Amino acid sequence: MTKISRRQFLGQSALMASAAAGMGYAAPHLALGQENKVRPNEQLGVVIVGAGGRGLGSHGGEWLSNPNTKILYFCDPDEKIGNKACDTVAEKNGFRPKFVRDMREAFEDKNLAVMSCASTNHWHALAGVWAVQAGLHCYIEKPISHNVHEGQALVAAAKKYAKCVQTGSQCRSNPANIEANKFIRSGGIGEVKFARGLCYKRRTAIGAKGEFEPPASVDYNLWTGPAPLVPVTRPRFHYDWHWQRLYGNGDLGNQGPHQTDIARWHIGVDRFPNSVISYGGRLGYDIHNPKNNDPDYVDAGDTANTETTIYDYGDKCIVFEVRGLETPSYKGASVGVIVYGSEGYLVQINYSHSIAYDNDGKVLKEFKGGRDSLHFTNFIDAVQKNDPSLLNADARVGALSAGMSHLGNISYYLGEDNKVSVDGAKKTLEGIKSLDNNIDTLERMVEHLTSEKNGVDLKKTPLSMGPLLKIDPEKEVFLDNDKANAMLTREYRGEFVVPAVDKV
Ligand SMILES: NC(=O)c1ccc[n+]([C@@H]2O[C@H](COP(=O)([O-])OP(=O)(O)OC[C@H]3O[C@@H](n4cnc5c(N)ncnc54)[C@H](O)[C@@H]3O)[C@@H](O)[C@H]2O)c1
């Protein structure tokens, strides 16, 4: 079938729906090396797990516009959101996917070939493990895991069941980044050893911590899944879970797996670092909470909104900076990556635009192009050929890039009560091995927080300094730190257990 635009597809969809009704939906319950029963002219049955902003808006749109896929199910513990997604597809395309609350019900359907997961972070890995066990290929949003153990389990499960598991880090499929990577690899900016990822993205307070009822349409036990079943403490139930560590991973784990991923790729590191340290805080929301401007205000979020993390690889280094208050861009990027070479540097300005400069700031080359659908079609191509090696961001890529953010957050959480003055922070950072100028990066963070716009008083609300944690990159464990090692996983609940690697 020739490729058509989403707009064209939506227009033709009623026709296609009736044509598809006579087609079989391929369900590749196959091991690698077996004949692939997925044929190019067959539509792959898809279940979208998580029908919120990303699930309906992006995954739904992509699978609707792709002539090789058909959405058979939307799954969401919130029946209002799930049913609305089914209605939206029905209105536009003349067929209505089935709604299920529990993904396991859909996974029993042999007409399914693909799970497309855009649920909350704390469900990603378990959904993925269950899906590959049920014989499904998976497209799973970043971060692919909520902790390091989950990433390892998902990688093991993808391998054991020989399934394509694509991480939703779409930058990996954009020509701008692929070409930039080739340019760097061929020495375009000289020797590269250091990259800085940035998430300079304004995030507001999420409201005062309290006790709230989940929406009546939500099966809260199912929503909670692998996390502890505790009362809801944030005013807005959906989306704001990103800023509560039981379910989300803050912006280090939300944006980080995009930019740290590019940083890793461009400087060529495919493993965990030798050490990590993270410092910052959830700062400025006492004075910037628009509703009450109350100094005793406690925001319901408990992840950092300001955080610098240093990953040392011995001969290479990555730094990731999160800023959630007002901030100008840095070297032309706000949410992007700067790769430093001996003969120049490259700035990833956005997901589909990078510029390489020489050391005098003269443009060497510009790299443009990309859109999210390329990553989805890369996945479908791999599924159709039943070949996970074709994926641009397989489970291992996702587990590493998400895993790095988990390592950083572990250092931050362990040091949360270790409040330091700016001088105290300088003292610690002077002793930390890094290819960055640690003091300059700290000073930029301090200037940002204490600026007129942000007005954070670092004497009243000081920075937290996490411990320097040494890592065994092969075993992917911390060296001599039981507390940190305990945080590589979580205590799972009842039926919602992400199994050990040898038990997937
Ligand atoms: N790749 C990207 O550029 C990109 C962009 C936006 C979001 N995302 C990722 O997409 C995911 C969803 O983000 P969002 O903004 O749509 O959040 P959201 O809160 O709007 O939606 C999440 C949905 O998942 C549902 N959910 C929770 N548990 C579930 C379960 N067990 N089964 C099925 N559904 C379940 C929730 O009820 C909710 O409807 C996040 O992991 C986020 O990081 C990726």
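Where is the place of Tyr239? Tyr239 falls in the loop between helix 8 and helix 9 (250-254). Helices (H or I, at least four residues) and strands (E, at least two) are DSSP runs, numbered from the N terminus.

This is a predicted model; local features need pLDDT of at least 70, side-chain atom pairs count only at pLDDT 80 or more, and totals for chains, interfaces and linings use all residues. Residues are numbered from 1 along each chain as its sequence is written, and side-chain values use heavy atoms, with hydrogens and water left out.

**View 1. The shell around the ligand.** Around the ligand stand 28 residues (a heavy atom within 4 Å). Arg54, Asp76, Asn121, Gln170 and Trp241 come nearest. The shell has eleven nonpolar, 13 polar and four charged residues. Here Ala, Val, Leu, Ile, Met, Phe, Trp, Tyr, Cys and Pro count as nonpolar, Asp, Glu, Lys and Arg as charged, and the others, Gly among them, as polar.

**View 2. Sources of the shell.** Domain 1 (6-170) and domain 2 (173-370 + 394-503) each give at least three residues to the shell. Domain bounds come from an automatic or database assignment. Helix 2 (53-65) and helix 8 (220-224) each supply at least two.

View 3. A polar side-chain atom of Lys142 lies 2.9 Å from a ligand oxygen atom. For Gln170, a side-chain N or O atom is 2.8 Å from an oxygen atom of the ligand. Trp241 places a polar side-chain atom 2.8 Å from a ligand oxygen atom. The protein buries 91% of the 850 Å² that the ligand exposes when taken alone (Shrake-Rupley method, 1.4 Å probe).

**View 4. Backbone details.** Lys142 and Pro143 are joined by a cis peptide bond, with omega about -10°. Pro143 sits in the loop between strand 5 (137-140) and helix 6 (148-160). Tyr239 is not a glycine, yet has a positive phi of about 65°.

Technical notes. A polar contact is a pair of N or O atoms within 3.5 Å; within protein, one must be able to donate a hydrogen and the other to accept it, and residues adjacent in sequence count only if both atoms are side-chain atoms.
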